[in-house]
Amino acid sequence: MALTCEDRFLIAELIAMHGHLCDSGELERLGEVFTPDVTYDVTDFGQAPLRGLSALADAARALGNRNPVGHHVTNVVLTEQADGRVHARSKGIGVNADGTSGSVTYEDTVVRTGQGWRIDHRTLLARRAPLGG
């Protein structure tokens, strides 16, 4: 099935919604972005992958004031997969309360569910050096 312009719009909006929900503390709404059994891979940050919506919300709550005050996403590139899934690659910028910022690459697997598109697997890759170095 070909990815339509509407699908592309909905997936890009889905990816953007993550930041809005986190920044406003609406962690109970993460099911609007992720599947119930999502894998959220943060091994590049020295942590074990998180599995499930509760684990994501609990991790955000545990970070408390160390959470960014702003999650911004840009440069969304979508690639259809033969199995109907979509690979989404995007850039994330986190702005901290002290004004510092950081950059990540999000590597997502997006699936169509009965409730619409949802992220089933997300890998965060920290950007620590220029030119991929």
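Mentor: A pocket is an open set of points on a 1 Å grid over the protein atoms alone, where a 1.4 Å probe fits, with protein on both sides within 12 Å along at least five of seven lines; lining residues have an atom within 4 Å of a point. This model is predicted: local features need pLDDT of at least 70, side-chain atom pairs count only at pLDDT 80 or more, and totals for chains, interfaces and linings use all residues. Residues are numbered from 1 along each chain as its sequence is written, and side-chain values use heavy atoms, leaving out hydrogens and water.

Trainee: Which element gives the largest share of the lining of the second largest pocket?

Mentor: The lining consists of Leu-10, Glu-13, Leu-14, Met-17, Glu-32, Val-33, Gln-115, Gly-116, Trp-117 and Arg-118. Two elements (DSSP runs: helices H or I of at least four residues, strands E of at least two) each give two or more of these residues, namely helix 1 and strand 6. The largest share, four residues, comes from helix 1.

Trainee: How much space lies in the largest pocket?

Mentor: Its lining has 33 residues, and the closest to its centre include Tyr-40, Pro-68 and His-71. Strand 5 gives the largest share of this lining, five residues. The space in the largest pocket is about 820 Å³.

Trainee: And how much space lies in the second largest pocket?

Mentor: By class, the lining of the second largest pocket has five nonpolar, two polar and three charged residues. The space in this pocket is about 170 Å³.

Trainee: Which residues have the most contacts inside the largest nonpolar core?

Mentor: Such a core joins buried Ala, Val, Leu, Ile, Met, Phe, Trp, Tyr and Cys residues through side-chain atoms within 4.5 Å. Here the largest core has 25 residues, and helix 1 supplies the largest share, four residues. Those with the most contacts inside the core are Ile-11, Phe-34, Tyr-40 and Val-110.

Trainee: Which residues does Tyr-40 touch, not counting residues up to four places away in sequence?

Mentor: Tyr-40 is among the residues closest to the centre of the largest pocket and among those with the most contacts in the largest nonpolar core. Its contacts (heavy atoms within 4.5 Å) are with His-18, Phe-34, Pro-49, Leu-50, Leu-56, Tyr-106, Arg-122 and Leu-124.

Trainee: Why does Thr-43 count as partly exposed?

Mentor: Thr-43 lies in the loop between strand 1 (34-41) and strand 2 (50-51). Buried means under 20% relative accessible area and exposed over 50%, with partly exposed in between (1.4 Å probe, protein chains only). Thr-43 counts as partly exposed because its relative accessibility is 45%.

Technical notes. Grid points are joined across faces, edges and corners, and a volume is the space filled by probe spheres set on the points. Ala, Val, Leu, Ile, Met, Phe, Trp, Tyr, Cys and Pro count as nonpolar, Asp, Glu, Lys and Arg as charged, and the others, Gly among them, as polar.
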